[in-house]
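Grab a pencil and have a look at the model below. The exercises that follow each come with a solution worked out step by step.

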Amino acid sequence: MANRGPAYGLSAEVQRKIESQYDVKLEQECKDWISAIVGEPFPEDVSFHEALKDGTLLCRVMNVICPGSIKKVNSSKMAFKIMENTQFFLAAGTEHLGIPKSELFQTVDLYEGTNMTQVLWGLTAVARYARRANKDLPALGPDLAAKNERHFDEETLNKGQSIVGLQAGGFKGANQEGMTFGRPRAL
């Protein structure tokens with residue numbers, strides 16, 4: 001990817017806002033979760049970004065959660081191969097775990113390190129959906145809520161038809177009569 005110079009104006013403001021949302025505690029929780037999934041200590045000699053950047057660790061995590069979900073992990077250090085590993089991880093998350101793409105991060109967020117906050121949130125999404133599929137996996141954050149579908153009989157549904165909602169103007173005769181703001185309009 002191209003080396004980017006410093007951001008100015010709106011771009012700088014957006015980047016500062018993204019960086020201010022970064023949670024070091026959540027980063028440590030993600031490191032611990034990855035270590036528990038893979039069964040090895042998280043690399044301490046490099047930053048969180050550098051440890052995940054090539055995508056091999058992410059692919060290993062996904063293959064533990066969903067065995068065989070990533071068939072080929074690239075070991076090359078070429079940029080497109082590194083990004084392909086991350087893309088394999090993201091695709092396996094959506095295909096095998098059913099994670100919505102909106103809850104994951106984009107490949108460039110991790111590769112360039114421009115939005116590591118979204119990477120953290122994406123990892124917590126993977127953990128939530130993985131726990132839904134297999135409760136034996138370690139937890140990272142809260143579990144997904146279980147579906148609680150309700151079925152009402154016809155009589156209960158009909159009772160709701162006779163109630164006038166507050167949006168319909170049935171609030172004990174309250175209206176805007178007598179309310180004036182400022183001077184009356186001179187015609």
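## Exercise 1: a helix and its surroundings

At 63% relative accessibility, Glu 95 counts as exposed, where exposed means over 50% relative accessible area, buried under 20% and partly exposed in between (1.4 Å probe, protein chains only). Before going on, note that this is a predicted model, in which local features need pLDDT of at least 70, side-chain atom pairs count only at pLDDT 80 or more, and totals for chains, interfaces and linings use all residues. Residues are numbered from 1 along each chain as its sequence is written, and side-chain values use heavy atoms, with hydrogens and water left out.

Solution: 
- Step 1. Go back to Glu 95: its C-alpha atom is 9.0 Å from that of Ser 69, and the two are 26 residues apart along the chain.

## Exercise 2: the whole chain

Task: describe the chain by its elements, its burial and its contacts.

Solution: 
- Step 1. Count the elements: there are eight helices and zero strands.
- Step 2. Now for burial: 33% of the 187 residues of the chain count as buried.
- Step 3. Turn to contacts, meaning heavy atoms within 4.5 Å. Among the contacts in the chain with a separation of 6 or more, 54% are between residues 24 or more positions apart.
- Step 4. Search for disulfides, pairs of cysteine sulfur atoms within 2.5 Å: the whole structure has zero. Cys 30 counts as buried because its relative accessibility is 0%, and Cys 66 counts as buried at 12%.

## Exercise 3: rings

Task: which aromatic rings pair up, and how are they arranged?

Solution: 
- Step 1. Set the rule: rings of Phe, Tyr and Trp (its six-membered ring) pair if their centres lie within 6.5 Å, and planes under 30 degrees apart count as stacked, over 60 as edge-to-face and the rest as tilted.
- Step 2. Apply it, and you get two aromatic pairs. Phe 42 and Phe 48 have ring centres 5.8 Å apart and planes at 25°, so they are stacked. Both Phe 42 and Phe 48 are buried.
- Step 3. Phe 89 and Phe 105 have ring centres 6.4 Å apart and planes at 25°, so this pair is stacked too. It links distant parts of the chain, with Phe 89 in helix α5 (residues 79-96) and Phe 105 in the loop between α5 and α6 (107-111), 16 residues apart. Both Phe 89 and Phe 105 are buried.
- Step 4. Look for a charge over a ring, which needs NZ of Lys or CZ of Arg within 6 Å of the ring centre and within 35 degrees of the ring normal. Lys 53 lies over the face of Tyr 111, 4.8 Å from the ring centre.

## Exercise 4: the core

Solution: 
- Step 1. Define the core: a set of buried Ala, Val, Leu, Ile, Met, Phe, Trp, Tyr and Cys residues joined through side-chain atoms within 4.5 Å.
- Step 2. The largest one has 37 residues, and Trp 33, Ile 34, Leu 52, Ile 65, Leu 97, Leu 123 and Val 126 touch the most other members.
- Step 3. Two or more residues each come from α2 (24-38), α3 (48-53), α4 (56-65), α5 and α7. The largest share, nine residues, comes from α7.
- Step 4. Look at α7 itself: 15 of its 18 residues are buried, so it is largely enclosed by the rest of the structure.
- Step 5. Zoom in on Val 126: leaving aside neighbours within four places in sequence, it is in contact with Trp 33, Met 62, Ile 65, Phe 89, Leu 97, Ile 99 and Leu 104.

Technical notes:
Helix = DSSP H or I, 4+ residues; strand = E, 2+ residues; numbered from the N terminus.
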